[in-house]
Amino acid sequence: MNGPSYLTGQFLLALPGMGDARFDHAVIAMCAHDSQGAMGVGIGARIDDLGLHEILEQFDIDVGEAPNAPVHFGGPVEPGRGFVLHSNDWGGQDTIGVAGRWSLSGTIDILRAIAQGRGPTRWVVALGYAGWGEGQLDRELTRHGWFSVEGDSGLIFDTPAETRWQRAFERAGIDPRLLASSTGQA
């Protein structure tokens, strides 16, 4: 029997009918997953009427060169806490690399760097995250709800949020229109 399969650097896609409205059409960029638990940042939904400029102003950071990019719903855990998924060409005091595919930062230094035009070349801002305790995600993966696909930075940085869910399934060779919202029982 093989050891556990961890999902760091992959995407979790919510299946239709998973039973949690907070994750309807969710695309979660998995940033950590091991025997202690898992953490990912949602990139499939934007927060209406909230842009980066408002976040910067809340921290008294001059918007400088930063575009007023959308802010994404990162997940239901700590919805007031911000995270930035970004290209690997920048690193700050808390930056972690994610399987060589992208990086994650969660402190104010990355916001300052973006506003000053010296941050990463590509980035996505999110509030909140999706988190699972020890073994929780592993158990959820045995039931209807989540589908994992290989992660790639193109889905994060080059694909509009509203099409990420569909595109991720299509890249895996699945037509999401054909997915059932429930599973059968044998």
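The legends below describe close-up views of a predicted model. Local features need pLDDT of at least 70 and side-chain atom pairs count only at pLDDT 80 or more, while totals for chains, interfaces and linings use all residues. Residues are numbered from 1 along each chain as its sequence is written, and side-chain values use heavy atoms, with hydrogens and water left out.

**View A. Burial of strand E1, residues 10-14.** Five of the five residues of this strand (strands being DSSP runs of at least two residues) are buried, so E1 is largely enclosed by the rest of the structure; buried means under 20% relative accessible area, with a 1.4 Å probe and protein chains only. Gln10, Leu12 and Ala14 point one way from E1, whereas Phe11 and Leu13 point the other way.

**View B. Strands paired with E1.** Two strands pair if DSSP finds at least two bridges between them. E1 runs antiparallel to strand E10 (residues 146-150), to which five bridges join it, and Ala14 stands opposite Trp146 in E10. Three bridges join E1 to strand E2 (residues 27-34), also in an antiparallel arrangement, with Val27 of E2 as the bridge partner of Leu13.

**View C. A negative surface patch.** Strand E4 (46-51) and helix H1 (52-58) each supply at least two of the patch residues, helices being DSSP runs (H or I) of at least four residues. Asp48 lies in E4 and, at 67% relative accessibility, counts as exposed, the cut-off being over 50%.

Technical notes. Patch = residues over 30% accessible without salt bridge, like charges linked within 9 Å, V, L, I, M, F, W, Y side chains within 5 Å. Areas by Shrake-Rupley, 256 points an atom, 1.4 Å probe, with all protein chains shown as cover. Salt bridge = Lys/Arg side-chain N within 4 Å of Asp/Glu carboxyl O. Lys, Arg positive; Asp, Glu negative; His and termini not counted. Charge placed at Lys NZ, Arg CZ, Asp CG, Glu CD.
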